[in-house]
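The following note sets out some points on helix packing and on the annotated segments. Please read it alongside the sequence and the model.

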Amino acid sequence: MPVFFYHYVGMLMQGKRILYLMLGWFSLITGIIGIFLPLLPTTPLVLLAAWCFSKSSERFHIWLIEHKFFGPIINDWQSSDGIPKKARNRAIIFMWAGMAISIFIVSRIWATIGLVFIGMCVTTYLLRLPLRTESTNMTKEKDEDA
């Protein structure tokens with residue numbers, strides 16, 4: 001194969017890495033804004049940022065996983081232990097509260113139908129997730145200490 005082919009492939013891979021890096025930062029910043037705006041979902045955007053950073057920058061991926069606030073979101077998602085019952089219930093309550101506010105503000109039938117449908121789908125998904133018990137958490141902490 002000609003040398004220029006390998007140069008082209010190298011440039012393409014570098015462009016892909018930069019694209020993932022930019023998408024990762026955009027997702028993380030949008031997720032941070034979502035903490036304060038109820039219409040932007042924080043958790044999926046932080047998870048997307050972690051995935052993008054895993055494809056583009058080991059340094060940023062490790063930083064995000066070890067972050068004080070965002071690290072637990074990613075670790076809970078990656079573990080197969082499930083989510084804490086309290087977190088699941090809070091997510092459902094706050095999601096429906098945010099949707100109720102949105103329905104009240106928008107006052108359009110199509111938006112109401114769409115939000116209720118999305119809320120029902122997300123609630124069903126959350127209720128089907130395995131629950132992590134506190135004893136499982138404590139056992140893991142004891143194993144890590146040993």
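**Notes on helix packing and annotated spans**

1. Helix 2 (residues 42-56) and helix 3 (residues 58-65) cross at roughly 145 degrees, and their axes come within 7 Å. The crossing of these two helices is left-handed. These values come from a predicted model.

2. On the helix 2 side, the contact is formed by Val46, Ala49, Ala50, Phe53, Ser54 and Ser56. Helix 3 contributes Glu58, Phe60, His61 and Leu64. Sorted by class, the contact of helix 2 with helix 3 comprises six nonpolar, three polar and one charged residues.

3. Helix 5 (residues 85-106) packs against helix 6 (residues 109-128) at an angle of about 180 degrees, the axes being 10 Å apart. Angles over 145 degrees count as roughly antiparallel, and helix 5 and helix 6 are therefore roughly antiparallel to each other.

4. Residues of helix 5 that meet helix 6 include Arg88, Ile92, Trp96, Met99 and Val106. Among their counterparts in helix 6 are Leu115, Val116, Gly119, Met120 and Leu127. By class, this contact of helix 5 with helix 6 has 15 nonpolar, four polar and one charged residues.

5. An unreviewed UniProt entry lists residues 20-53 and 113-131 under "transmembrane region". How far apart are the end C-alpha atoms of residues 20-53? They lie 7 Å apart, and the span is 85% helix and 0% strand. For residues 113-131, the end C-alpha atoms are 29 Å apart, with the chain 84% helix and 5% strand.

Key:
Residues are numbered from 1 along each chain as its sequence is written. This is a predicted model: local features need pLDDT of at least 70, side-chain atom pairs count only at pLDDT 80 or more; totals for chains, interfaces and linings use all residues. Side-chain values use heavy atoms; hydrogens and water are left out. Axes are lines fitted to C-alpha atoms, for helices over the stretch in contact, and angles run from 0 to 180 degrees between N-to-C directions. Helices (H or I, at least four residues) and strands (E, at least two) are DSSP runs, numbered from the N terminus. Angles under 35 degrees count as roughly parallel, over 145 as roughly antiparallel, 65 to 115 as roughly perpendicular and the rest as oblique. Contact means heavy atoms within 4.5 Å. Ala, Val, Leu, Ile, Met, Phe, Trp, Tyr, Cys and Pro count as nonpolar, Asp, Glu, Lys and Arg as charged, and the others, Gly among them, as polar. UniProt positions are given in the numbering used here, feature names are shortened, and annotations may be inferred rather than shown by experiment. A crossing is left-handed if the near helix is turned anticlockwise from the far one by less than a right angle, and right-handed if clockwise.
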